[in-house]
Amino acid sequence: MMTNEKIIEEIKEMSVLELNDLVKAIEEEFGVTAAAPVAAAGAAGADAAAEQTEFNVELTSAGDSKIKVVKAVKEITGLGLKEAKEIVDNAPKVVKEGLSKEDAEALKEKLEEVGASVEVK
């Protein structure tokens, strides 16, 4: 019986055409394909991206009306004035996580009304 090392040495000595023939023979013999796992992983990744159900609202900038933005963040999050000010001062910072798309968009509008720059991720 050949060891893995001997098999690898034999493969190293093959030409590209010989390797192609070997792959085809292995696929036929064992009923497998070399490309299937890659395609399946790509499809699974695309499905996961399309099914996003939770969104985060991130404050990217307070703009010119920092005090209004601090008040809005305080109201939205239920935090104290000091904690809300820290979020605004340390932008970009996530204000709320795990929201539905509708709630995230509503929150974004509310913050933009007082002059903040916001992203929904």
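A residue is called buried when its relative accessible area is under 20%, exposed when it is over 50%, and partly exposed in between (1.4 Å probe, protein chains only). The exercises below concern a predicted model, in which local features need pLDDT of at least 70, side-chain atom pairs count only at pLDDT 80 or more, and totals for chains, interfaces and linings use all residues. Residues are numbered from 1 along each chain as its sequence is written, and side-chain values use heavy atoms, with hydrogens and water left out.

**Exercise 1. The chain as a whole**

Determine how many helices and strands the chain has, and in what order the elements run.

Solution. Step 1: helices (H or I, at least four residues) and strands (E, at least two) are DSSP runs, numbered from the N terminus. Step 2: the chain contains six helices and three strands. Step 3: read from the N terminus, their order is α-α-α-β-α-α-β-α-β. Step 4: of the 121 residues in the chain, 17% are buried.

**Exercise 2. The buried face of helix H5**

Identify the buried residues of H5 and the elements against which they pack.

Solution. Step 1: Ala 84, Ile 87 and Val 88 are the buried residues of H5. Step 2: down the axis of H5 they fall within an arc of 95°, so they too line one face of their helix. Step 3: these buried residues pack against S1, H4 and S2, a contact being heavy atoms within 4.5 Å.

**Exercise 3. The largest nonpolar core**

Find which residues of the largest nonpolar core touch the most other members, and which element supplies the largest share.

Solution. Step 1: a nonpolar core is a set of buried Ala, Val, Leu, Ile, Met, Phe, Trp, Tyr and Cys residues joined through side-chain atoms within 4.5 Å. Step 2: the largest core has 19 residues, and Val 57, Leu 59, Val 69, Val 73, Val 88, Val 95 and Leu 111 touch the most other members. Step 3: S1, H4, H5, S2 and H6 each supply at least two residues of this core. Step 4: the largest share, five residues, comes from H4. Step 5: residues up to four places away in sequence aside, Val 95 touches Val 57, Glu 58, Leu 59, Val 73, Ile 76, Thr 77, Ile 87 and Leu 111.

**Exercise 4. Salt bridges**

State how many salt bridges the whole structure has, and examine the pairs Lys 121 with Glu 58 and Lys 66 with Asp 89.

Solution. Step 1: a salt bridge is a side-chain nitrogen of Lys or Arg within 4 Å of a carboxyl oxygen of Asp or Glu. Step 2: the whole structure has seven. Step 3: Lys 121 and Glu 58 meet through their side chains at 3.2 Å, N to O. Lys 121 lies in the segment after strand S3 (117-120) and Glu 58 in strand S1, so the pair ties together parts 63 residues apart in sequence. Step 4: Lys 121 is partly exposed at 47% relative accessibility, whereas Glu 58 is buried at 15%. Step 5: Glu 58, Glu 119 and Lys 121 are linked in a network of salt bridges. Step 6: the side chains of Lys 66 and Asp 89 form a salt bridge at 2.6 Å, N to O. This pair links distant parts of the chain, with Lys 66 in helix H4 and Asp 89 in helix H5, 23 residues apart.

Notes: The arc is that of the directions from the helix axis to the C-beta atoms.
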